[in-house]
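Here is a short note on charged side-chain pairs. Please read it with the model open.

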Amino acid sequence: MNSVNGPEVHEDLSPLIAATTHWLTSAYPASGGTLAAALCEVQARQAVTVAAWLRYPTPMDAALVTMAGPGGSARLDWITGADGAGTDGPDAHAWRTWVDEVVASWAACLLTDPGLAGRAVDEFAASSAVPVEFRRLLDPDDSDRRAAALLRHPDLVSPVAGLHRAELLTRLAGGSALAA
């Protein structure tokens, strides 16, 4: 099992995690070349993985979202000004249908609030039988911060983070999961 993906429930969520990570790194890209892009992607993937687990904590939740689909990136694209992204044809952007708006919002919250990220990872780790590591999310070094400067900037991601922040806070306070 990959240490980034955590519990087995994430095997079913891998398309959602990949697409939502891709959306975040496309909307808030790294600057500084290939290494910066890789560091930015790792941070986004770790945040998205934790957010996806919080959103879909059981195998049934994961199966339902896999069957019904997560909803796509249309609203996120509109909010960030990327709503013209589908001009290359429908097949070039089919991955966008696997983007989960709530997971993207929660991941943005985790990337911009270290305390919230710590609480989320603690909850994730407490229920996981597999040891997981989220160092780049929880304790980014200077190169991580530079690589994900846009992705971790609270003011820049606030339109996305604010969409579902209240639900994340409820979930971390012991509220029920918000499955599709």
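Is R45 buried, partly exposed or exposed? At 24% relative accessibility, R45 is partly exposed. The cut-offs: buried is under 20% relative accessible area, exposed is over 50%, and partly exposed is in between (1.4 Å probe, protein chains only).

1. Basis. This is a predicted model, in which local features need pLDDT of at least 70, side-chain atom pairs count only at pLDDT 80 or more, and totals for chains, interfaces and linings use all residues. Residues are numbered from 1 along each chain as its sequence is written, and side-chain values use heavy atoms, with hydrogens and water left out.

2. Count. The whole structure holds eight salt bridges. The term means a side-chain nitrogen of Lys or Arg within 4 Å of a carboxyl oxygen of Asp or Glu.

3. E41 and R45. These side chains form a salt bridge at 3.3 Å, N to O. Both sit in helix α2 (residues 34-55), four residues apart, about one turn of the helix. Helices are DSSP runs (H or I, at least four residues), numbered from the N terminus. E41 is partly exposed at 35%.

4. D113 and R165. Their closest N and O atoms are 3.0 Å apart, in a salt bridge. D113 lies in the loop between α5 (101-112) and α6 (114-126) and R165 in helix α9 (residues 154-172), so the pair ties together parts 52 residues apart in sequence. D113 is partly exposed at 23%. R165 is also partly exposed, at 29%.

5. R145 and D142. A salt bridge joins these side chains (3.3 Å, N to O). They are three residues apart in helix α8 (residues 142-147), about one helical turn. R145 is partly exposed at 42%, whereas D142 is exposed at 51%.

6. Network. Salt bridges with shared partners link R135, R136 and D144 into one network.

Key
Helices (H or I, at least four residues) and strands (E, at least two) are DSSP runs, numbered from the N terminus.
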